[in-house]
Amino acid sequence: MTRTARLGRCGVLVLTGLFGAWLGTATAQAEDANKADLEALKKSLAKYEDYQAAIRDLYLSTEGCVYYSGEKIPGTMDYPKGAMGVHFVNVPSVGKKLDLMKPNVLIYEPTKKGLKLVAVEWLVPLTPDVKAAPTLFGQKFMGPMEGHYPLIPKEFVHYDLHAWLFSDNPNGMFSPTNPKVKCNKAEFPMLEKPTKMMPGPM
């Protein structure tokens, strides 16, 4: 009985080790695939480093430079301190099928030399067809939340995901805000109050 029990434990350990190795390999492969997709996306969007090219492709500026103080307010989204920058929204693409290679929003940082492309964002409006938070690159979208008023109407309840493709972000590639991005060179009003969270799909 004792010998059988020991063999059983050994078998479990071997299987656990094999499963762990497989899981590690699968995770690494998924990360590599994500990196490849992100790199391809970055290359495809390089032309938008010129914001006028973005405008020609119907990415239209909301003008305000979005910044959050890091203050935690009950019932609102929990954003780390930092900026989201100036949003250029491709309105015709919002509400259509989620496209990894075509983010709905391009995000720029206002600098002395002009607008600098720093990030992109995908938006998914909350509709009866949306049963759960979407995912891209293995990342769950934030939300649902109100629109970033006064730049975007509060009634635009949505999920979103940011990717800081063109700027290093200490908070991580998919953080909603970046402490390295500043709004102090903007000639636009800033938005500081965190967006209100909304009830998700039932």
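The residues in question are Gly95, Lys96, Lys97, Leu98, Val124, Pro125, Thr127, Asp129, Val130 and Pro134. A pocket is an open set of points on a 1 Å grid over the protein atoms alone, with protein on both sides within 12 Å along at least five of seven lines, whereas a cavity is a set of points where a 1.4 Å probe fits but cannot get out; lining residues have an atom within 4 Å of a point. The second largest pocket holds about 180 Å³ of space, a volume being the space filled by probe spheres set on the points, with grid points joined across faces, edges and corners.

All of this comes from a predicted model, in which local features need pLDDT of at least 70 and side-chain atom pairs need pLDDT 80 or more, while totals for chains, interfaces and linings use all residues. Residues are numbered from 1 along each chain as its sequence is written, and side-chain values use heavy atoms, with hydrogens and water left out.

Around the largest cavity are His87, Val89, Val105, Glu121, Leu123, His148, Ile152 and His158, which split into 4 nonpolar, 3 polar and 1 charged. Strand S2 (82-90) and strand S4 (114-125) each put at least two residues into this lining.

Stepping back to the whole fold, the protein chain has 2 helices and 9 strands, taken as DSSP runs numbered from the N terminus (helices: H or I, at least four residues; strands: E, at least two). Along the sequence the pattern reads α-α-β-β-β-β-β-β-β-β-β. Of the 202 residues, 37% are buried, meaning under 20% relative accessible area, with exposed set at over 50% and partly exposed in between (1.4 Å probe, protein chains only). Among contacts (heavy atoms within 4.5 Å) with a separation of 6 or more, 61% join residues 24 or more positions apart.

The rings come next, with 6 aromatic pairs counted. Rings of Phe, Tyr and Trp (its six-membered ring) pair if their centres lie within 6.5 Å; planes under 30 degrees apart are stacked, over 60 edge-to-face and the rest tilted. Tyrosine 51 and phenylalanine 88 make an edge-to-face pair, 6.3 Å centre to centre with 65 degrees between the planes. This pair ties together distant parts of the chain, as tyrosine 51 is in helix H2 (residues 51-56) and phenylalanine 88 is in strand S2, 37 residues apart. Tyrosine 51 is partly exposed because its relative accessibility is 31%, while phenylalanine 88 has 3% and so counts as buried. Ring pairs join Tyr51, Phe88 and Tyr108 into a cluster.

Key:
Nonpolar A, V, L, I, M, F, W, Y, C, P; charged D, E, K, R; others polar.
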